[in-house]
Amino acid sequence: MAELALEHVGKVYRNGYEAIHDFSLEIKEGEFLILVGPSGCGKSTLLRMIAGLEDISSGELWVDGEIENYKEPRERNLAMVFQNYALYPNMSVYDNIAFSLSVRKVDKKEIKKKVYDTAKMLGIEHLLDRRPGELSGGQKQRVAIGNAIIRNPRALLMDEPLSNLDAKLRTQMRVELAALQHAVGTTTIYVTHDQTEAMTLGTRIVVMRDGKMQQVDTPANLYAKPVNRFVAGFIGTPSMNFFEAQVVSWEEAPALLVGEYRMMPCREDAARISRHGSDSVILGIRPENILWEAPECVSAGADYVETMILEVELLGAEKLLFFLLYGKKYVAKIPAEYDARAGEVRRLYFDVTAIHLFDCDSEMRI
Ligand SMILES: Nc1ncnc2c1ncn2[C@@H]1O[C@H](COP(=O)(O)OP(=O)(O)OP(=O)(O)O)[C@@H](O)[C@H]1O
Ligand SMILES: [Mg+2]
């Protein structure tokens, strides 16, 4: 187990492309850290630099108090698990798991015990004689994980390890992986582009965009207090709705106008808007905070929009309402029991206690 730190790490590829920009982060011993962001934002680059598969252009990688920028991958003793399983097709599951110990000439008896213990932990002890070609995707990935953890690496680096699996198996493996990591206690960095996966797995999540860190936080804080519009839109499904709102004064308090509709922010938000002092802001509201029926605390004549429902999509316990406002499409998520129909014109209420405010230019949270 190890403690890792990145200090002002940067990566410029040989063609001049800057894939990582001034990235700093500390990963505690035994932590399960998730790295999430859209395709191309630099997640794999960062992981490969930690593993030693890619040079670090600037900054420092610290592992347990030592700078390891120039150590060979082997010397770093960090195990990497990839999306495609990287198993030896002609070797049995047993030999695949045992591989890293066999090449180090570890005692055969000891290898045998470790392979059985590891396979048992992963629930694949009945598959040891098979070859990778005779396994399902989930089983193959378990073998790859077994191969990674058997040699007690200082940290586990996982690059989208579940993305080749179907949705149901992915959910199941996700739960198993979290439990396994908890049991083994190995410091783990887990890369995914899937925010749902990040939210369910992580104790701490790093959100990246264009090679830059946006926010490091717990799932709950990322959801409740995204630092900018990008994080707000990236975390949560469906994505947050954004409206440009004019700041006006209504009965001596700040109010927000979305077109002709007036929203009366709660006292804290009102104070924030006053302090910010600009005449327009971006108002963000999650689909689940747009309501079918008026909440108890609604201000008279405010906190709603009148809209035409375009489509209704049933998800199970909830349904999505797609609606049109000033030519743009938005979405609300309401309990399935409400009888919403496409083509209907009606009021939808904004839960103003749950709105998010961003600066129009910098897009930072206000
Ligand atoms: N060898 C390379 N030379 C130049 N540019 C590269 C190289 N490898 C990757 N890149 C670029 O660096 C950026 C980051 O790539 P990276 O593979 O780290 O993204 P990622 O976040 O892992 O994306 P994905 O979710 O699609 O796997 C991309 O724009 C990519 O095109
Ligand atoms: Mg990648």
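View 1. T192 counts as buried because its relative accessibility is 2%. Buried means under 20% relative accessible area, exposed over 50%, and partly exposed in between (1.4 Å probe, protein chains only). This is a predicted model: local features need pLDDT of at least 70, side-chain atom pairs count only at pLDDT 80 or more, and totals for chains, interfaces and linings use all residues. Residues are numbered from 1 along each chain as its sequence is written, chains are lettered from A and ligands numbered from 1 in the order in which they are written, and side-chain values use heavy atoms, with hydrogens and water left out. T192 sits in strand β8 (residues 187-192). Strands (E, at least two residues) and helices (H or I, at least four) are DSSP runs, numbered from the N terminus. A polar side-chain atom of T192 is 2.9 Å from the backbone nitrogen of D194. Neighbours within four places in sequence aside, T192 contacts I34, L35, V36, G37, K43, E160, E197 and A198. Contact means heavy atoms within 4.5 Å.

**View 2. The shell around ligand 1.**

**View 3. Polar atoms at ligand 1.** A side-chain N or O atom of T45 lies 2.5 Å from an oxygen atom of ligand 1. For S44, a polar side-chain atom is 2.8 Å from a ligand oxygen. Y13 places a polar side-chain atom 3.4 Å from a ligand nitrogen. On its own, ligand 1 has 650 Å² of accessible area, and the protein covers 62% of that. Areas come from the Shrake-Rupley method with a 1.4 Å probe.

**View 4. Helix α3 and its cover.** In α3 (residues 93-102), the buried residues are V93, N96, I97, A98, S100 and L101. Their cover includes α4 (108-121) and α5 (137-149).

**View 5. The nonpolar cores.** The largest core has 42 residues, of which I97, I145, Y190 and V207 touch the most other members. Helix α5 gives the most to this core, five residues. A nonpolar core is a set of buried Ala, Val, Leu, Ile, Met, Phe, Trp, Tyr and Cys residues joined through side-chain atoms within 4.5 Å. Another core, of 29 residues, lies apart from it and includes F243, I285, Y304 and L357.

Key
Polar contact = N/O pair within 3.5 Å; in protein donor to acceptor, adjacent residues only side chain to side chain.
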